[in-house]
Amino acid sequence: MKKTIKRLAAVLVLLSLVLCLAGCGALDKKREEHGVFAGETDHSTITFRGETYRSLGIEGSEHMFYKDYSSRVYITTPDVPVLLASSVGQYGMTDLETKFILLYREINAVYAREDIYEAALAETQMEDPYTCIRIQYLDGENSGKGWQYHTLDDEEEALVRRILAEKPLKEGDIKVYYGKSGTLLFESETGLYTDNSYEIVEFPEGGIAIRDCNYYDNGDAEYYIAKGEDAEQLAALLKKYPG
């Protein structure tokens, strides 16, 4: 690989000049997407945008691919020039707050930024790391701000967990048509884990429930029916933050 890189060195110089003539923005973007491993064979840490990231010793999963993971990264060994990173680097994504780097393809690994590494590592050992619940909603009548998120306070979170503690009904046991709904996001404190399998649903003929739509794990969707005062409070929450 080293020989190949050396042979391309002259070409990279020319490419650099072309990019500069075309505008420095393109080269800056490539730098923004480029990170390096600790060494040629040492993949335990990554340096990215001046920050150090450490491997959590786990592979990525569906509960880590959250909405914020939209920025591309290319991680290479230290001797690879920035212009070659997208061709030979390990491809991955990072979140908007750049707290985590998820690599996949040849290397499947998750890295946490140094300042939250210990907290994230502890979450990988938890049976239930989901300590925060948020509801997803549009700002007003889709004002152009896109999706917004309200973090449930202690009382609202207790309400949701109380309803989910009841025995659910299977989809085939109730009428599944419903009107308003709102997605609930269960997250770990650092944001490493996210589960969006639940949503609040309101039935046209009356009644409200929390729907578990994780078909792959549970087969048919399950409905946790809210009753009495809990139903009133859940309806108020949905009305305040409609999805």
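This is a predicted model: local features need pLDDT of at least 70, side-chain atom pairs count only at pLDDT 80 or more; totals for chains, interfaces and linings use all residues.
Why are Arg 161 and Glu 157 separated by about one helical turn? They are four residues apart in helix α6.

## Salt bridges between strands and loops

A search of the whole structure finds twelve salt bridges. One of them joins Glu 187 to Arg 134, with the closest N and O atoms 2.9 Å apart. Glu 187 lies in strand β11 and Arg 134 in strand β8, so this pair ties together parts 53 residues apart in sequence. Are Glu 187 and Arg 134 buried or exposed? Both are buried.

Another salt bridge pairs Glu 114 with Arg 54, at 3.3 Å between the closest N and O atoms. Glu 114 sits in the loop between β7 and α5, while Arg 54 belongs to strand β3, 60 residues apart. Glu 114 is partly exposed at 38% relative accessible area, and Arg 54 is partly exposed at 28%.

## The sheet and its helices

Now let's look at the sheet. Seven strands form an open, antiparallel sheet in the order β9-β8-β11-β12-β13-β14-β10. At the edges, β9 and β10 each pair on one side only. Strands β12 and β13 pair over five bridges, and Val 201 stands opposite Ala 209 in β13.

Helix α6 lies across several strands, including β8, β11 and β14, running at about 95° to β11. Helix α8 packs on the sheet too, touching β11, β12 and β13.

How values were computed:
Residues are numbered from 1 along each chain as its sequence is written. Side-chain values use heavy atoms; hydrogens and water are left out. Two strands pair if DSSP finds at least two bridges between them. Helices (H or I, at least four residues) and strands (E, at least two) are DSSP runs, numbered from the N terminus. Contact means heavy atoms within 4.5 Å. Axes are lines fitted to C-alpha atoms, for helices over the stretch in contact, and angles run from 0 to 180 degrees between N-to-C directions. A salt bridge is a side-chain nitrogen of Lys or Arg within 4 Å of a carboxyl oxygen of Asp or Glu. Buried means under 20% relative accessible area, exposed over 50%, partly exposed in between (1.4 Å probe, protein chains only).
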